[in-house]
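Welcome, and please open your viewer.

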Amino acid sequence: MKNLTFRPVLVPKRQNKHEKTEARVRRPQLNLVPLQAYRQSADTSVARRRKRGLATKQEEVMKIGIIVAMEKELRQLQSLFKDGDVVVQQCGIGKVNAAIGAAEMIRQHRPDAIISSGCAGGNGDEVNIQDIVVGAQTAYHDVYCGSAVGGSVYGQVQGMPPRFDADPLLLRKSLDLPTADDGPKVHQGLIVTGDWFVDSREKMEHIVSLFPEARAVDMESAAIAQTCYAYHVPFISFRVVSDVPLRDHQAAQYHDFWDRMADSSFHMTKSFVESLL
């Protein structure tokens, strides 16, 4: 398993005798593959060679990319995935970090599918802590380009779909996972994304007023979905519920999840990935 973390590197700024020493951020050299070039190369991708019966034995095995935001999520998945066919990457928190991480995953590893993993805040009477929410669709809860500009709807980036659909095969596989009567349940539905850490009922109430059907809220999934949509890479968000903000106070459930429950909460993620390989 390969684990990648993308962080800006602080280096001393060159100074003269009249300047104080400062720190500046060195911009990483990404050398991204142009979108059109990637789409053309995808025509001879491993997936297409498999369909034509031309894949080598090594290529018959899917390569899965998993993207998480936080180091503690990465540690959980490191303990579960030790196979080179699963690439786990930490992108950092928020939409921009998530999009960069997804683009780098695609450029460096050419995965057959990308999964946005980690935890999320749940929504709905039937959704409980340690349950799984599978994003049949993802959208932004903090984006609005205005009805006067092309008639876009709330959550839609201009020129993009209002919502990003999960890959049908990945969605079907996730819903086929067996669950115990007294164990975590799998829910499918809408996951909404924004640059908010939802630590109060008031924040969640605002989001739910815009997206009452949302099953979960996070800070990365829609950005990864948009990147995968642009690069034609199958995508799904598969999130463990760490808290239910409308039943919480000052993120107490979230902290309790990481203190007591996290170590036993990611095995469904492992089962899902293994069902794809």
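**The whole chain**

Begin with everything selected: among the contacts in the protein with a separation of 6 or more, 74% are between residues 24 or more positions apart, where contact means heavy atoms within 4.5 Å. You are looking at a predicted model, in which local features need pLDDT of at least 70, side-chain atom pairs count only at pLDDT 80 or more, and totals for chains, interfaces and linings use all residues. Residues are numbered from 1 along each chain as its sequence is written, and side-chain values use heavy atoms, with hydrogens and water left out.

Switch to a cartoon view and you have 9 helices and 12 strands; these are DSSP runs numbered from the N terminus, helices being H or I with at least four residues and strands being E with at least two. Of the 277 residues, 44% count as buried (buried is under 20% relative accessible area, exposed over 50%, partly exposed in between, with a 1.4 Å probe and protein chains only).

**Helix H6**

Next, select residues 201-210, which form helix H6. Which residues of H6 are buried? They are Met204, Ile207 and Val208. Look down the axis of H6: these buried residues fall within an arc of 95°, so they line one face of the helix (the arc is that of the directions from the helix axis to the C-beta atoms). Turn to the face away from the buried side, and you will find the exposed residues Glu202 and Ser209.

**Strand E7 and its partners**

Keep E7 on screen and show E12, residues 235-243. E7 and E12 pair in the parallel sense over 3 bridges, while E7 and E11 pair in the antiparallel sense over 2 bridges; strands count as paired if DSSP finds at least two bridges between them. Zoom in on Gly121: its bridge partner in E12 is Asp243, and its bridge partner in E11 is Val217.

Select Thr269 in helix H9, residues 267-276. Is Thr269 buried or exposed? Its relative accessibility is 1%, so Thr269 counts as buried. Leaving aside neighbours within four places in sequence, Thr269 is in contact with Leu77, Phe81, Ser117, Phe238 and Val240.

For the last stop, select Ile66. Not counting residues up to four places away in sequence, Ile66 touches residues including Leu77, Phe81, Ser117 and Val273.
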